[in-house]
Structure formats: C-alpha cells, structure tokens
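These notes concern the local geometry and packing of one model. They are set out as numbered points, to be read beside the sequence and the structure.

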Amino acid sequence: MKTEVFTQPKLPYAPDALAPAISQETVDYHYGRHEKAYIENLNKLIEGTEYADMDIEDIIRESEGPIFNNASQAWNHIFYFFTFSPDGPTEPEGELRKAIDRDFGSFDNFKKEFVDAGVKLFGSGWVWLSRDQDGKLFITQKSNAGNPLTDGLTPILTFDVWEHAYYLDYQNRRAEALNKLWDIVDWEIVGNRYQ
C-alpha cells in the first residue's frame, strides 16, 4: 500500500487566531476541509504516474488537468494560509519595501492595486504578488487553480478570491474581505519569500 506523498501541514496558529479578518469557521472549512481534499485527491491522482516522485512545484509546472488543479490548489492554499499571523509586522521592510515603492509608487498604492486586481477577477481564482529573477514585482490575476510558477515567476503573496475563502464571513463583499486580510499578513514571511 502506498504511503501518502503529500500531507497537510499544521497551521502555525490556532484556528481562531486570525479573527475577525478570517473566522475560525472559515479556517475550519477552508483549510480543514477544502485544502485537505486537494491534498488527498492529488495523492490519489499521482499514484503510479510520472508525478509520484516529483516535488509539488514541478508537478504544478509540468502537469495539466486534474493533477495540475489539485496540485496547484493544494500548494496555493498552504502558501496562502502560511502568509498570515495574528501578530506579525504590519508593513514590509528592507528590500521588499524598496521594491514595492519602486514598482508601485507606495505601499498604500500597492495595496489598492492588489485589492483592485482581486475584486476585478471574474469568477474564482487568486491574486498574486510575484517577482521575476531580477526582483521586479508583478501583480497578476489567475483564474481557478492558476499559479505564477507556470509563468516562471516566484510568488511571494497571494489572496484567495474563491468564494469559499470569504463567503461565510463577508457574503458577497469581496473587496471588504480582501482589505481585511492586510490586518493579518505577516510581512516578515513575505519579505523572506522575496529574498
């Protein structure tokens, strides 16, 4: 019998620690059920295939269809939930702050552009902040399970704009949901991803 290749990591905070930005009920459903299902499905789909021995980033870059969807959604959700902290620094510093100011004019303008991209994404998906190999920052919208790894970019921040990410807490108020996430982004984590 096959041992599972991928497992769901335990969150580094209590399920209620992100409230009121994200309620415990949303964490329980979103991470506890949706994310868990993506990992379980991925493990079933890759068993006995060429992807069984790959790391998840390579699966995302090289697969398509159901394998891509489950690999990318599993990775995206872990990346998303491991961006947050109830007590992290509330603004970027160092090289990341310089890059944000350089590429977006200011931190406030970056936040506005990022939320606007998430609000304007039709349907379900993700809004990403990524860097290229030269350190230039890009905001991109990705539908469904989309991931900037497939574009050769290095993701450093994402907000989930699938309805299940916010509907229990905000109903159809996507902009409000996205703006509340700034309260829990741990910019030390994001800054480390930029390096």
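At what angle do α4 and α8 pack, and how far apart are their axes?

1. Basis. The model is predicted; local features require pLDDT of at least 70, side-chain atom pairs count only at pLDDT 80 or more, and totals for chains, interfaces and linings use all residues. Residues are numbered from 1 along each chain as its sequence is written, and side-chain values use heavy atoms, with hydrogens and water left out. Helices (H or I, at least four residues) and strands (E, at least two) are DSSP runs, numbered from the N terminus.

2. Helix α4. This helix covers residues 94–104, and its buried residues are Leu-96, Ala-99, Ile-100 and Phe-104. Seen down the axis of α4, these buried residues fall within an arc of 100 degrees, so they line one face of the helix; the arc is that of the directions from the helix axis to the C-beta atoms. The face turned away from the buried side carries Lys-98 and Arg-102, both exposed. Here buried means under 20% relative accessible area, exposed over 50%, and partly exposed in between (1.4 Å probe, protein chains only). Gly-105 follows α4 and has a positive phi, near 90 degrees.

3. Packing of α4 on α8. The two helices pack at an angle of about 80 degrees, with their axes 9 Å apart. Axes are lines fitted to C-alpha atoms, for helices over the stretch in contact, and angles run from 0 to 180 degrees between N-to-C directions. α4 and α8 are therefore roughly perpendicular to each other (under 35 degrees counts as roughly parallel, over 145 as roughly antiparallel, 65 to 115 as roughly perpendicular and the rest as oblique). From α4 the contact draws on Glu-95, Leu-96, Ala-99, Ile-100 and Arg-102, and from α8 on Trp-187, Val-190, Gly-191 and Tyr-194; contact means heavy atoms within 4.5 Å. By class, these residues comprise six nonpolar, one polar and two charged. In this scheme Ala, Val, Leu, Ile, Met, Phe, Trp, Tyr, Cys and Pro count as nonpolar, Asp, Glu, Lys and Arg as charged, and the others, Gly among them, as polar.

4. The buried residues of α4 pack against α5 (107–120), β1 (125–131), β2 (137–143), β3 (154–160) and α8 (187–194). The helix lies across β1, β2 and β3 and runs at about 80 degrees to β2. Ile-100, in α4, is buried at 0% relative accessibility. Not counting residues up to four places away in sequence, Ile-100 touches Pro-92, Gly-105, Ser-106, Phe-107, Phe-110, Leu-137 and Trp-187. The C-alpha atoms of Ile-100 and Leu-137 are separated by 7.2 Å, although these residues are 37 residues apart along the chain.

5. The sheet. Three strands form an open sheet in the order β2-β1-β3, with antiparallel pairing. β2 and β3 stand at the edges with a single partner strand each, so one side of each has no neighbour in the sheet. On average, neighbouring strands are turned by 25 degrees against each other, direction ignored. Two strands pair if DSSP finds at least two bridges between them; β1 and β2 have seven, and β1 and β3 have six. Gly-125 has Ser-143 of β2 as its bridge partner. Towards β3, Val-127 is partnered by Phe-159 and Leu-129 by Leu-157. β1 and β2 form a hairpin with five residues between them, and Gly-135 in the turn has a positive phi of about 90 degrees.

6. Burial of the strands. In β1, seven of its seven residues are buried. Gly-125, Val-127, Leu-129 and Arg-131 point one way from β1, while Trp-126, Trp-128 and Ser-130 point the other way. In β3, six of its seven residues are buried.

7. Backbone features to inspect. The peptide bond from Ala-19 to Pro-20 is cis, with omega near 5 degrees; Pro-20 is in the segment before α1 (24–46). Asn-144, in the loop between β2 and β3, has a positive phi of about 55 degrees although it is not a glycine, and its relative accessible area of 45% makes Asn-144 partly exposed. Gln-171, also not a glycine, has a positive phi near 55 degrees. Gln-171 is in the loop between α6 (167–170) and α7 (174–181) and is partly exposed at 33% relative accessibility.
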